[in-house]
Amino acid sequence: MLSSRLLKYLLQISYISLVLGTFCATLLSCVALLSQAVRTAPNRSWNKNFNALIIGASYIVLLIASLFFCLKRTLAVRLKLSRLSRKHKTITRGDVPDSVHRFITEEYARTCLIAHQSQPTDAFHEGWGKLGGQHEGVYFRRALLDTIPKIDSLARLVIPTHPALKPHARMIHHFRFILPLLTSNEDELTPLHYYDSTIQLARISHREPTEEEFELGIQSAEAIMQVLNECRLEMFEDSLTQLNQFSEESIHIRS
């Protein structure tokens, strides 16, 4: 494929060759006609040769007219190019003919309609939130697994001697020390039991978690973190109370 610079040079050479060829052909035809006019004249001379005068005058008029049209066209193109804005400008109705403006408007409206119609409206990808739904763009498996370190960090704040998290440990076993802090339902199941089930599903199941399973796991995780936060706040309040009592006793002893 030719480069833009080489293509520009080829176009310029072609234009110059065309102009020179036209000029040479016209000059040769003028010389041929003048020589014929001299040969066919009664005196075979330039003197009082009316035909040669007419031929010469015709070619002079042709040259002047050609130069006039070339200059006129060049000036018109340069004026139109100079009026073009160098900055971005919104095209209004007065900038282009009505037919062009109408065509641009129709094509723009058609493009917008195609872009709108091509947007997915009821797309569903297994294991991901529905488009336009509450969990849009959420990968259920990854979101469930990301809750494990959050709960583990809160559990360590409440129980500093909490065991280290193992990669494949069951949640019901790893968080067994916070199980007494959780309330159970009528089936004697705590949020930790539901959380353990959803985490096991996210870890080892071949199929992706459904939206209902994801919501169950997230709700269970939030319930566990809420209990741990409440315990941490209670521990913090007890520590402040003990600190205040110790400060008061120290002041009383000093006095």
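I took helices (H or I, at least four residues) and strands (E, at least two) as DSSP runs, numbered from the N terminus. I worked on a predicted model, where local features need pLDDT of at least 70, side-chain atom pairs count only at pLDDT 80 or more, and totals for chains, interfaces and linings use all residues. I numbered residues from 1 along each chain as its sequence is written, and side-chain values use heavy atoms, without hydrogens and water.

**His-135**

I found His-135 in the loop between helix H3 (98-117) and helix H4 (140-145). His-135 counts as buried because its relative accessibility is 13% (buried is under 20% relative accessible area, exposed over 50%, partly exposed in between; 1.4 Å probe, protein chains only). Beyond its neighbours within four places in sequence, I listed its contacts (heavy atoms within 4.5 Å) as Gly-129, Lys-130, Phe-140, Glu-211, Phe-214 and Glu-215. I noted that the side chains of His-135 and Glu-215 make a polar contact at 3.2 Å (a pair of N or O atoms within 3.5 Å; within protein, one must be able to donate a hydrogen and the other to accept it, and residues adjacent in sequence count only if both atoms are side-chain atoms).

**Annotated spans**

I read "transmembrane region" for residues 12-38 and 50-71 in the unreviewed UniProt entry; positions follow the numbering used here, feature names are shortened, and annotations may be inferred rather than shown by experiment. I found residues 12-38 to be 100% helix and 0% strand, with end C-alpha atoms 39 Å apart. For residues 50-71 I have 100% helix and 0% strand, and 32 Å between the end C-alpha atoms.
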